[in-house]
Amino acid sequence: MISLIKRNLMLYFNNRQRVFFSLMGAIISFILYVLFLKNGIQSDWKSIHEGTKLLDLWLIGGTMTVTAITTTQNALNQKIIDKENNRIDDLMLTDTSKLGINAGYVFSSVIIGTIMQVAVYIIMSFYFLFADKLDVSYGSLIPIVLIAILSSLVWTMVNMIIDLFFDNQASISGVNSIVGTCSGFFAGVYMPLGTLPNIGQKIMEFIPASYNSALYRNLLMKNQINVSFKNVPTKFITSFNKNMGLNINDVSTIMGHTFTLLIFIVILTIIFALVSLLKRKLV
Amino acid sequence: MNLLSTNGLTKKFKSHLAVDHLNLNINKGQLVALLGHNGAGKSTTISMLIGLMQPTSGNIEIEGLKVNESKYRRKLGVVFQNSVLDDDLTVKQNMNIRSNMYKNLDSSFKNKILNDLELNSILNQKYKTLSGGQRRRVDIARSLLNKPEILFLDEPSTGLDIQSRNKIWSVLNELRKSMKLTIILTTHYLEEVENADFVYVIDKGKLVEGDTVNNLKNKYAKDTLILYSNHLKNIKDNLNQKIIEETKNSISINPKDHNEAINILSKFKTLITTFEYQRGSMDDIFIALTGKEVE
């Protein structure tokens, strides 16, 4: 299995185009923000002390969620490519079991997702360090890595379920672009959660992306919120948190976003098992 | 000694019967050819024999081991029709990844294979940069990594030059001698079948014939004698044979065997300018059995 993971990592990282395209969602959200959205949202935030820095951190949090979605998806595409080219048949002939091979794809996806999220964090925080003098706190690097692992797990499971319905590269690349485009919305990068209509907000509550972004944003923005909202009434902070997607709903706020994502992993695993079981029966 | 056997092996896809009650018995050390035109069920049979496809009914055994046991898989080496190695990785990386996915692999054997197939000079080249012949040699090396007892070759020589084909067969023949490697081959190259110890001819999923090449030739392929002469009329008048083809200066006949051919030749020794004697070929057998030209 370790050998298969090594192989999948080599195939991903050796292919620069593939790395670039797997980051497309993140790159788009970053460029859209810097070129168009930043000024718009900023003008609403004029009254907030160091509002720009707060906004930068907010964007980093959302973009990392987008990265988790798209990179794990790209990593898992390897399985579809291998299936299509019968490479998986050759892997099956080895002493590694079917479970081991599947686990190999899952772990490669989690590793790729984690590395790419951390890489995106480092690149973006450096960009904003120079652009807006954002303080980069390396103390939060360990929790960031832990969240990156957790979100990679969540999105690996989501993408595993999606991939159950597709068996060739042509169709999966279509799915990739759809998910890539939607991920920015789901992660709440293009617009804050609070600006969505009620029905939209309700839908977001059933998708792990919003909790994922909330987890990142709470961690990254914590210090800056203390600075920016020093003498501001709690009521205002609560409404800011709600609007900007730092709090999704009461249930997740009480349970904690980490725990919410863990529950998502359990539910997704059950769905994956059920769908694959059903698929096997139908064949 | 019987190594692999199937009993009533059947595969049905919806209403289409791809493989129909196939009984195969393959002995250790043999080179066995599965012959059949495209769509005859060869590849489906191979997929079932290597455990990638579940048979609809019937069973497969290697020395008492069932097809889904890991010990069964351990005995197999497979060269797939299409290449199954990673284009973007080097030969060495491909080999290492596959060999690390086996437990307790004999690394000296791996080196021997790489050496015998003359791959050492291209170890650091990416697989996608190799020529067709080099790729096939790498594919064969991969299939032999686990020192298999049975090697499945699914159309291994398609599109290969004669040098690559000879190299591959010289290595395989050496392994047949040294470790009694059994080879099951599907091929379109009928000349490769000539070297087989046993041939199974499959048509529409059914076994039409299973025998040695010599027996098949005796049964289905006729030898041809072509006599060239300036006195064809004279020969024809005195020949008690059916003429199967005639040109301006030659006639072709099917003598019963070589003795009859010698008799005919000595009888007309003074009349003929020259002659040709052709043994019946696999092509004749194949066409006689399936009634179709090879696609």
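Colleague: In which loop is Lys133(A) found?

Modeller: This is a predicted model, in which local features need pLDDT of at least 70, side-chain atom pairs count only at pLDDT 80 or more, and totals for chains, interfaces and linings use all residues. Residues are numbered from 1 along each chain as its sequence is written, while chains are lettered from A and ligands numbered from 1 in the order in which they are written. Helices (DSSP runs of H or I, at least four residues) and strands (E, at least two) are numbered from the N terminus, and Lys133(A) is found in the loop between helix 6 (98-132) and helix 7 (141-163) of chain A.

Colleague: Is Lys133(A) buried or exposed?

Modeller: Phi of Lys133(A) is near 55°, a positive value in a residue other than glycine. A residue is buried if 20 or more other C-beta atoms, placed from the backbone, lie within 10 Å of its own, exposed if 12 or fewer, and partly exposed in between. Lys133(A) has 10 other C-beta atoms within 10 Å and is therefore exposed.

Colleague: Where does Asn104(B) lie?

Modeller: Asn104(B), although not a glycine, has a positive phi of about 45°. With 7 C-beta neighbours inside 10 Å, Asn104(B) counts as exposed. Its place is the loop between helix 3 and helix 4 (107-116) of chain B.

Colleague: How are helix 1 of chain A and helix 3 of chain B oriented to each other, roughly parallel or roughly antiparallel?

Modeller: Ser3(A), Lys6(A), Arg7(A) and Met10(A) in helix 1 (residues 2-13) of chain A meet Gln93(B), Ile97(B) and Asn100(B) in helix 3 of chain B. With axes fitted to C-alpha atoms over the stretch in contact, and angles running from 0 to 180 degrees between N-to-C directions, the two helices pack at about 150°, their axes 8 Å apart. Angles under 35 degrees count as roughly parallel, over 145 as roughly antiparallel, 65 to 115 as roughly perpendicular and the rest as oblique. The two helices are therefore roughly antiparallel.

Definitions and conventions: Contact = placed C-beta atoms within 7 Å.
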